[in-house]
Amino acid sequence: HQASVFQYSHPRGTAIFDFKCSRERAGPRMFLQGFKGVLQTDGYTGYDKFEEESIVRIGCMAHIRRKFFDAHKVAKEDPKPREIVEQIAGLYQIEKQAREAQLNPEQRKALRQEKSVPLLAALKERILELRQDPKVLPKSLLGKACSYALNQWERTIKYVDHGEVEIDNNRCENGIRP
């Protein structure tokens, strides 16, 4: 029998784990009934309907990065996946800078607007170029990474407008693993 654990938390706050005997969207829908605010998730389609309500859904840059890193692992001689991973590393450097400076949410948003937005624009442009490259087959790991990134793009880049959320949901996922 397949079951799932959903975690709901506030950055650096209390975490609630909700065990469900399925992966159906009814579980999160029941738990989040009446919730209004920001919901940061992975690409699981069970969350798609929440965007129609009063919830701002934000994606996860780590999931995008992971797809390109996996493409790099199987084709280490190909510089393209590594290039994308390195561009994403630049975004994480900005997040590190914000943490080290102990910026509040408003300051972190301002830093992201100044530094992350241009990097995100260049990153998207490069991913679009790769997707159009005839040498990058759609069914290859790099092709799939490009498609995943572009499908999740609009959700994922919303983090720059919300200084209270993280660039990814790693903290949440790391909380589930133990």
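The bend at a residue is the angle between axes fitted to the seven residues ending there and the seven starting there. By this criterion, helix 5 (residues 141-156) has a kink of about 30° centred on L150. The model is predicted, so that local features require pLDDT of at least 70 and side-chain atom pairs count only at pLDDT 80 or more, whereas totals for chains, interfaces and linings use all residues. Residues are numbered from 1 along each chain as its sequence is written, and side-chain values use heavy atoms, with hydrogens and water left out. Helices (H or I, at least four residues) and strands (E, at least two) are DSSP runs, numbered from the N terminus.

Within helix 5, A145 is buried at a relative accessible area of 1%. The C-alpha atoms of A145 and A71 lie 7.5 Å apart in space, although 74 residues separate the two in sequence. Q152, also found in helix 5, is buried with a relative accessible area of 9%. With residues up to four places away in sequence again excluded, Q152 touches G43 and I64.

Helix 2 packs against helix 5 at an angle of about 170°, with the axes 9 Å apart. Helix 2 is therefore roughly antiparallel to helix 5. Axes are lines fitted to C-alpha atoms, for helices over the stretch in contact, and angles run from 0 to 180 degrees between N-to-C directions; angles under 35 degrees count as roughly parallel, over 145 as roughly antiparallel, 65 to 115 as roughly perpendicular and the rest as oblique. On the helix 2 side, M61, H63, I64, K67, F68, D70, A71 and V74 meet L141, L142, A145, C146, Y148, A149, Q152 and T156 of helix 5. By class, this contact has 11 nonpolar, three polar and two charged residues, where Ala, Val, Leu, Ile, Met, Phe, Trp, Tyr, Cys and Pro count as nonpolar, Asp, Glu, Lys and Arg as charged, and the others, Gly among them, as polar.

The axes of helix 3 (residues 79-100) and helix 4 (residues 105-132) come within 10 Å and cross at roughly 175°, which means that helix 3 is roughly antiparallel to helix 4. The contact of helix 3 with helix 4 has 12 nonpolar, four polar and seven charged residues. In the loop between helix 3 and helix 4, Q102 has a positive phi of about 50° although it is not a glycine. Q102 is exposed, with a relative accessible area of 68%.

A search of the whole structure finds one aromatic pair. The ring centres of Y8 and F31 are 4.0 Å apart and the planes lie at 10°, so the pair is stacked. Rings of Phe, Tyr and Trp (its six-membered ring) pair if their centres lie within 6.5 Å; planes under 30 degrees apart count as stacked, over 60 as edge-to-face and the rest as tilted. Because Y8 lies in strand 1 (residues 4-9) and F31 in helix 1 (residues 26-31), the pair ties together parts that are 23 residues apart in sequence. Y8 is buried at 9% relative accessible area, whereas F31 is partly exposed at 34%.

Key:
Buried means under 20% relative accessible area, exposed over 50%, partly exposed in between (1.4 Å probe, protein chains only). Contact means heavy atoms within 4.5 Å.
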